[in-house]
Amino acid sequence: QYAVFIAINSYKYWTPLKNPVKDAKEIKGILEEKYLIDEFIELYDDKATKKGIMDLFYSLNNKVKENDSLFLFYAGHGHLDTKLTKKGSWIPVDGGEDELYQENWISNDVIRSVLDNLKSKHVLLISDSCFSGDILDTKRGAVDPNTNDYFKRAYQKVSRQILTSGASETVSDNSNFARALKTFLRYNNKPLV
């Protein structure tokens with residue numbers, strides 16, 4: 001059981017944020033206290049560069065095995081490219097502001113591909129950033145019909161679940177989403193999430 005936290009307050013080029021690191025540390029504390037987590041991995045502020053995040057993804061790809069589960073929490077700036085790709089991205093601490101150049105941004109397509117290719121049976125991504133809901137916009141076509149055969153096949157596959165603080169929209173630094181998540185985790189009486 002891996003729990004990974006990436007949170008950024010102190011950006012080089014973007015407006016500083018007040019709550020991502022605090023929220024991440026509080027959620028980590030709740031998980032430590034109430035849930036079975038074998039390993040915590042944290043990247044905060046100056047460690048959460050594009051290289052740091054990509055190195056972390058590479059490490060997880062090599063470390064996480066078939067029967068493992070991964071909880072991944074991201075809080076920081078997100079941005080939607082409205083000019084060229086119409087896709088969202090995470091903005092690492094060293095991410096540039098130029099929407100056309102997108103220096104050191106990590107696109108939702110890359111994040112989704114990394115999570116899809118992890119060997120772990122279950123992955124839960126929680127993304128608390130602007131335009132985080134865009135990660136769900138895969139444009140892959142129609143979903144299989146809701147039949148018993150469909151669900152039997154689906155339960156035999158790996159799971160990739162995503163919770164986001166909003167759709168393709170801006171969200172507040174003072175996150176109601178993070179507050180609700182912390183409340184749920186504190187008061188959940190089941191041994192699992």
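## A charge over a ring

Lys28 has its charged end over the ring of Phe40, 5.2 Å from the ring's centre. That label applies when NZ of Lys or CZ of Arg is within 6 Å of the ring centre and within 35 degrees of the ring normal.

This is a predicted model, where local features need pLDDT of at least 70 and side-chain atom pairs count only at pLDDT 80 or more, while totals for chains, interfaces and linings use all residues. Numbering runs from 1 along each chain as its sequence is written, and side-chain values use heavy atoms, with hydrogens and water left out.

## Rings that pair up

Phe40 also belongs to a cluster, linked by ring pairs, with Phe5, Phe71 and Phe73. The structure has 6 aromatic pairs, meaning Phe, Tyr or Trp rings (for Trp, the six-membered one) with centres within 6.5 Å; planes under 30 degrees apart are stacked, over 60 edge-to-face, and the rest tilted.

Tyr74 and Trp90 make a stacked pair, because their ring centres are 4.1 Å apart and their planes sit at 5 degrees. Tyr74 counts as buried because its relative accessibility is 0%, and Trp90 counts as buried at 2%. Buried means under 20% relative accessible area, exposed over 50%, and partly exposed in between (1.4 Å probe, protein chains only).

## Two nonpolar cores

Trp90 turns up again in the largest nonpolar core, which has 30 residues; Val4, Ile6, Leu60, Leu72 and Trp90 touch the most other members. A nonpolar core is a set of buried Ala, Val, Leu, Ile, Met, Phe, Trp, Tyr and Cys residues joined through side-chain atoms within 4.5 Å. There's also a second, separate core of 19 residues, including Phe5, Ala24, Tyr44 and Phe73.
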